[in-house]
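Take a look at the chain below. This report walks through its confidence and then a handful of its residues.

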Amino acid sequence: MIGGLLVITTLIVIRFSATRPVLPDAITLPDGTRAEAFTQGRDWYAVVTQDNRILIFDRSSGALRQTVTID
């Protein structure tokens, strides 16, 4: 029973450490903006700012792809 518990614990640790999200080293936001939230997809990441905008960046280049204004 103890061996089974160790195996299950090991498998959980291996599974979650292998799929760890890769975060960008740094994100350069436009002047005067402050981040409130962050999310990411396969080839992009987005920052929600305090001035009700969503800034979508390209993951490989870090370039700003799109800006969405929230009404």
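## Confidence

In this chain, confidence is highest in strand E3 (residues 53-58), at 96, and lowest in H1, at a mean of 83. The model is predicted. Its average pLDDT is 88 over the chain, and 93% of the residues score at least 70. Where pLDDT is low, the predicted coordinates should not be read in detail.

Start with helix H1, which spans 2-18. Phe 16 is found in this helix. Phe 16 is exposed, because its relative accessible area is 60% and the cut-off for exposed is over 50%.

Phe 16 also belongs to a nonpolar patch on the surface.

## The loop between H1 and E1

Next comes the loop that joins H1 to strand E1 (35-40). Ala 26 has its place here. At 60% relative accessibility, Ala 26 counts as exposed. Ala 26 and Gly 62 are 36 residues apart in sequence. In space, 8.9 Å separates them, C-alpha to C-alpha.

Thr 33 sits in the loop between H1 and E1 too. Is Thr 33 buried or exposed? Its relative accessibility is 13%, so Thr 33 counts as buried, the limit being under 20%. A polar atom of the Thr 33 side chain lies 2.7 Å from the backbone oxygen of Pro 30. Leaving aside residues up to four places away in sequence, Thr 33 touches Thr 49, Asp 51 and Arg 53.

## The loop between E2 and E3

Asn 52 lies in the loop between strand E2 (44-49) and E3. With a relative accessible area of 44%, Asn 52 is partly exposed. What is the phi of Asn 52? Asn 52 has a positive phi of about 60°, although it is not a glycine. Most residues other than glycine have a negative phi.

## Strand E3

Finish in strand E3, where Asp 58 lies. Is Asp 58 buried or exposed? Asp 58 is buried, because its relative accessible area is 15% and buried means under 20%.

Which residues does Asp 58 touch, not counting residues up to four places away in sequence? They are Asp 43, Tyr 45, Ala 63 and Arg 65.

Technical notes. Residues numbered from 1 in each chain as written. Predicted model: local features only at pLDDT ≥ 70, side-chain atom pairs only at ≥ 80, totals over all residues. Heavy atoms only, no water. Helix = DSSP H or I, 4+ residues; strand = E, 2+ residues; numbered from the N terminus. Buried < 20%, exposed > 50% of the residue type's maximum accessible area, 1.4 Å probe, protein only. Polar contact = N/O pair within 3.5 Å; in protein donor to acceptor, adjacent residues only side chain to side chain. Contact = heavy atoms within 4.5 Å. Patch = residues over 30% accessible without salt bridge, like charges linked within 9 Å, V, L, I, M, F, W, Y side chains within 5 Å. Areas by Shrake-Rupley, 256 points an atom, 1.4 Å probe, with all protein chains shown as cover. Salt bridge = Lys/Arg side-chain N within 4 Å of Asp/Glu carboxyl O. pLDDT = per-residue confidence, 0-100.
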